[in-house]
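Biologist: Could you walk me through the strands of this protein?

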Amino acid sequence: MGVHSRRDARYRCHRCHTTFTATHGTPLYRLKTDPNIVQLVLTLLTFGCPIPAVVMAFKIDERTLANWVRKAGEHAQRVHEHLVCQGQLHLGQVQADELWCRTQRGVRWLATAVCVSSRLLLWGALAAERTHALIAEVVNQVHCAAQLQSPVLWATDGYGAWKTQVLRMFRTPRHTGRRGRPALVPWAELHIVQVVKRTSRDRIERRIAFGDLFEALHLIEASQGRPGTVNTAFVERLNATLRTWLPALVRRSRHAGSDGERLERHFFLVLAAYNFIRPHRSLRVQVNGRWVDRTPGMAAGVTDHAWTIAELLRCRIEPCVQAA
């Protein structure tokens with residue numbers, strides 16, 4: 001590549017002889033608003049600022065904000081898939097749960113999965129109903145992020161779709177040398193535990209749904225840094241964070257929450273900010289006598305520094321080039 005115009009920040013490809021701007025392939029492409037204003041507005045929207053407040057403060061139309069959030073959310077989803085869902089993570093313990101919100105167009109379900117050791121939000125999916133398809137999308141993306149045959153403990157609630165989809169996704173073929181398709185068997189180090197809350201009896205039931213309880217407790221101790229019991233505390237804490245950053249999950253609204261697609265785009269923008277931008281207090285480490293803040297992405301080894309919203313928006317994902 002070469003420089004075509006420094007004033008306009010345009011470059012030229014010496015192979016195809018076309019010119020392009022520095023923002024090509026990013027949410028800032030062809031926006032007529034100052035990029036600094038766009039980054040500031042998206043930062044406020046990412047961390048829970050209501051849309052009416054942003055409209056009054058910056059005198060920007062709601063439809064313009066919706067367009068910015070849509071572009072930024074789609075871009076954040078591509079960045080997350082490129083960095084996380086590449087089969088390179090040692091997950092250890094994964095906790096999954098669902099939360100719901102009531103909107104003007106009905107109930108929306110949000111299913112999420114988080115890696116306990118790094119607090120990395122692995123994936124999330126939204127749907128109008130809590131079905132096996134919703135759970136399957138989350139489990140499939142977690143499977144794409146996990147190292148093959150690595151020890152994995154799933155901690156979920158009593159909803160049976162989690163166990164069904166985990167056993168369906170986390171399987172490998174067992175070759176016996178015979179003709180025909182080989183049988184698919186679950187991973188050797190796969191374990192599933194369930195936490196069932198019975199409000200009528202005011203007690204919590206913890207049970208092993210698949211695998212070995214002793215190995216499950218060992219993974220819990222390794223991921224949490226101390227001995228513990230079967231729980232879903234980390235994903236429930238994540239749900240509280242999502243309700244703080246996504247106002248549509250807390251109250252009825254006429255903007256993001258009423259439109260499932262807009263809410264999904266906003267969620268992926270929050271997901272990227274949670275993983276790569278904001279440091280997590282429990283992930284701090286002491287280096288040379290000083291405490292160093294880390295984001296979940298840094299703890300998982302995905303990045304080596306805390307990002308900014310500008311770095312997230314300007315991150316370009318190179319397209320896959322197939323050999324001729």
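Predicted model: local features only at pLDDT ≥ 70, side-chain atom pairs only at ≥ 80, totals over all residues.

Modeller: Residues are numbered from 1 along each chain as its sequence is written, and side-chain values use heavy atoms, with hydrogens and water left out.

Biologist: In what order do the six strands of the open sheet stand?

Modeller: Strands are DSSP runs (E, at least two residues), numbered from the N terminus. Two strands pair if DSSP finds at least two bridges between them. The pairing here is mixed, and the order is β6-β5-β4-β7-β10-β11.

Biologist: Why is one side of β6 and of β11 left without a neighbour in the sheet?

Modeller: β6 covers 120–127 and β11 covers 203–210. Each stands at an edge, so each has a single partner strand.

Biologist: In which sense do β7 and β10 pair?

Modeller: Five bridges link β7 (residues 152–156) to β10 (residues 190–198). Thr156 stands opposite Gln194 in β10. The sense of the β7 and β10 pairing is parallel.

Biologist: Is Gln194 buried or exposed?

Modeller: Buried means under 20% relative accessible area, exposed over 50%, partly exposed in between (1.4 Å probe, protein chains only). Gln194 has 7% relative accessibility, so Gln194 counts as buried.

Biologist: Which residue stands opposite Val285 in β13?

Modeller: β12 (residues 280–287) and β13 (residues 290–294) run antiparallel, joined by four bridges. They form a hairpin with two residues between them. Opposite Val285 stands Val292.
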